[in-house]
Amino acid sequence: MVSNYNIAIALFSALLVLQFLATPTVTELVQEQPLVLKYHNGQLLKGRITVNLIWYGSFTPIQQSIIVDFINSLSSTSSSLPSASSWWKTTEKYKGGSSALVLGKQFLHPTYTLGKNLKGKDLLALASKFNELSSISIVLTAKDVIVEGFCMNRCGTHGSTRAVSGKPKSAYIWVGNSESQCPGQCAWPFHQPLYGPQTPPLVAPNGDVGVDGIIINLATLLAGTVTNPFNNGYFQGPVTAPLEAVTACPGTFGIGSYPGYPGRVIVDKVTGASFNAHGANGRRFLLPAMWDPQTQACRTLV
């Protein structure tokens, strides 16, 4: 069975509800229980993991390089801190040790071989091209590709392919470029939100609202995939709508965050770009908070 996990259409949407609730009392704050993601005794993706990329539609070389640099940044050492690799090291605190991502094969679909309107079965067909043990296939769809459910209730998914004809079950991810379809939902905080407090958007660190939005969603799904690849790893809540490593910490990118405000992050004095992580080839990224099993709290880089 294919299992899918949906990102909320805006990473901060769960928090927006809080502003309409009564302000908690001091006693309620003191008695607040720690956030706990239960381990359900299933397989996690640990050790060396090959990441294969399927580019569906038109992506510029610069857009491709930003995403490739991000993936390489997660398992490389950066001389500048905070770094994307230090963010990823939080996944080592989950059972089983480290998850070292290694870029594998890349497959291009510039001619939209399955059309520009894709359903879940199409994403699965694209992802199934690389059914390999200890691998993650990432399907990236261009800004003019409409995917079933995109923008309405999700910005991306992760799940698993079927084990057939001697090929093992493997993990996959899909993320869409929301630039022209729903940037207020899937590229916040680099675009004005569709709902809630209308705080000014941040300047995207790589100058591309759609692709910098992809990075946030891809980071979210990669963390969810290695810690809950097959529906029985770390999560809280129902298996059909779980809170995972990053989705348990919605809308948080720096300390002091609140509904509609991502928190305090680093701002480049020259370009005004906002980021919280350094990466490969001088790249900068804005990465979401991740749940830390040791502290049982959402951890931000800054």
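Okay, a definition to start: when I say helix, I mean a DSSP run of H or I with at least four residues, and the numbering goes from the N terminus. One caution too: this is a predicted model.

So, let's look at the second largest pocket. It holds about 180 Å³ of space. There are 16 residues lining this pocket, and the ones closest to its centre are Leu74, Ser75, Ser85, Lys89 and Glu92. Two elements give two or more residues to that lining: helix H4, residues 84-88, and strand S4, residues 99-109. Which element gives the most to the lining? That's H4, with 3 residues. And if you sort the lining by class, you get 10 polar, 4 nonpolar and 2 charged residues.

Next up, Asp292. You'll find Asp292 in strand S15, which covers residues 290-292. Is Asp292 buried or exposed? Buried, because its relative accessibility is 2%, and the cut-off for buried is under 20%. Its side chain reaches the backbone nitrogen of Gln294 at 2.8 Å. Not counting residues up to four places away in sequence, Asp292 touches Thr90, Lys93, Ala297 and Arg299.

Last stop, Lys38, over in strand S2, residues 38-39. Lys38 has a relative accessible area of 53%, so this one counts as exposed; for that, the value has to be over 50%. Now have a look at Tyr234: Lys38 and Tyr234 sit 196 residues apart in sequence, yet C-alpha to C-alpha they are 5.4 Å apart in space. Setting aside neighbours within four places in sequence, Lys38 is in contact with Gly233, Tyr234 and Phe235.

That's my tour, thanks.

Note on methods: Residues numbered from 1 in each chain as written. Predicted model: local features only at pLDDT ≥ 70, side-chain atom pairs only at ≥ 80, totals over all residues. Heavy atoms only, no water. 1 Å grid on protein atoms, 1.4 Å probe; cavity = no way out; pocket = protein on both sides within 12 Å on 5 of 7 lines; lining within 4 Å. Points joined across faces, edges and corners; volume = space filled by probe spheres on them. Nonpolar A, V, L, I, M, F, W, Y, C, P; charged D, E, K, R; others polar. Buried < 20%, exposed > 50% of the residue type's maximum accessible area, 1.4 Å probe, protein only. Polar contact = N/O pair within 3.5 Å; in protein donor to acceptor, adjacent residues only side chain to side chain. Contact = heavy atoms within 4.5 Å.
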